[in-house]
Amino acid sequence: MTRNATAQGFTLLELLVVLSVIALLAGLAAPAVGTITGANARKAANELAGSMRYLYDTAALRHATCRMALDMDAKAWWAECSSADVGIARKPEDDAELARRFSGEKNAELRRLLAKTDFGMYKDRLVDKRELPGRTAFGKIHVEGRRDAEGGTVYVHFFPGGQAQRAFVQVVDGSNRYTIVVEPYTGRTRVVPGDVEVRE
């Protein structure tokens with residue numbers, strides 16, 4: 001019995017090439033699927049909300065002032081904590097100068113606090129610097145005592161006495177929008193689909 005010289009089938013090399021092409025196409029399509037379903041925005045909002053809650057607990061346990069930095073232009077966020085115990089015992093000589101330096105901050109007491117605080121990057125795997133995935137970006141951000149931000153770096157502060165600034169942080173991806181709400185006295189963070197009415 002002789003074997004047909006033109007036997008049908010694939011070689012191992014041909015099979016590997018086909019599988020590689022399929023994997024490449026799937027990798028290119030995954031971000032687009034995330035945008036359509038809102039999975040990227042939902043995941044980013046949940047991670048950021050969890051990190052904010054963790055930072056609230058960290059500030060209380062370490063007796064330090066911490067803040068979550070939200071870089072709207074670079075689509076990134078990270079945690080910072082003060083290197084020393086921060087208080088508001090002594091009033092600075094020139095409140096007008098502090099108003100100029102911290103022009104986005106309405107609260108005079110918080111401006112005095114910011115002037116005396118030396119913040120540095122807080123290293124912890126739960127709040128390491130991260131970038132928003134895919135086409136996900138920050139929408140409007142409202143932090144208590146500040147104007148609504150649509151660019152630059154915005155800070156949400158967490159204080160040693162178990163308090164935080166009330167904040168509303170939007171995470172958007174296409175038509176998918178999630179709002180992170182930070183409660184000031186409990187540090188509770190929740191993710192709400194869509195827009196949330198800002199209240200002081």
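Predicted model: local features only at pLDDT ≥ 70, side-chain atom pairs only at ≥ 80, totals over all residues.
Local features were considered only at pLDDT of at least 70 and side-chain atom pairs only at pLDDT 80 or more, whereas totals for chains, interfaces and linings use all residues. Residues are numbered from 1 along each chain as its sequence is written, and side-chain values use heavy atoms, with hydrogens and water left out.

Helices (H or I, at least four residues) and strands (E, at least two) are DSSP runs, numbered from the N terminus.

Strand β6 is largely enclosed by the rest of the structure, because five of its seven residues are buried; buried denotes under 20% relative accessible area, exposed over 50%, and partly exposed the range in between (1.4 Å probe, protein chains only). When residues up to four places away in sequence are not counted, F158 contacts (heavy atoms within 4.5 Å) M52, L55, Y56, A59, A64, T65, C66, R67, M68, Q163, A164 and V182.

Strands are taken to pair if DSSP finds at least two bridges between them. An antiparallel pairing over six bridges links β1 and β6, with L70 opposite V154 in β6. Strand β7 (residues 163–164) also runs antiparallel to β6, through two bridges, and here F159 stands opposite Q163. Three residues separate the strands of the β6–β7 hairpin, in which G162 adopts a positive phi near 85 degrees.

Within helix α2, A41 counts as buried, since its relative accessibility is 0%. Apart from neighbours within four places in sequence, A41 is in contact with T136, V171, V172, D173 and Y178. The C-alpha atoms of A41 and N176 are 7.0 Å apart, although the two residues are separated by 135 residues in sequence.

On the surface, F10, L12, L15, L16, V18, L19 and I22 form a nonpolar patch with about 750 Å² of accessible area together. Such a patch joins nonpolar side chains (Val, Leu, Ile, Met, Phe, Trp, Tyr) within 5 Å, from residues with over 30% relative accessible area and no salt bridge, the latter being a side-chain nitrogen of Lys or Arg within 4 Å of a carboxyl oxygen of Asp or Glu. Areas follow the Shrake-Rupley method with a 1.4 Å probe; for residues, only the protein chains shown count as cover. L16 lies in helix α1 (residues 12–37) and counts as partly exposed because its relative accessibility is 47%.

Definitions and conventions
Patch = residues over 30% accessible without salt bridge, like charges linked within 9 Å, V, L, I, M, F, W, Y side chains within 5 Å.
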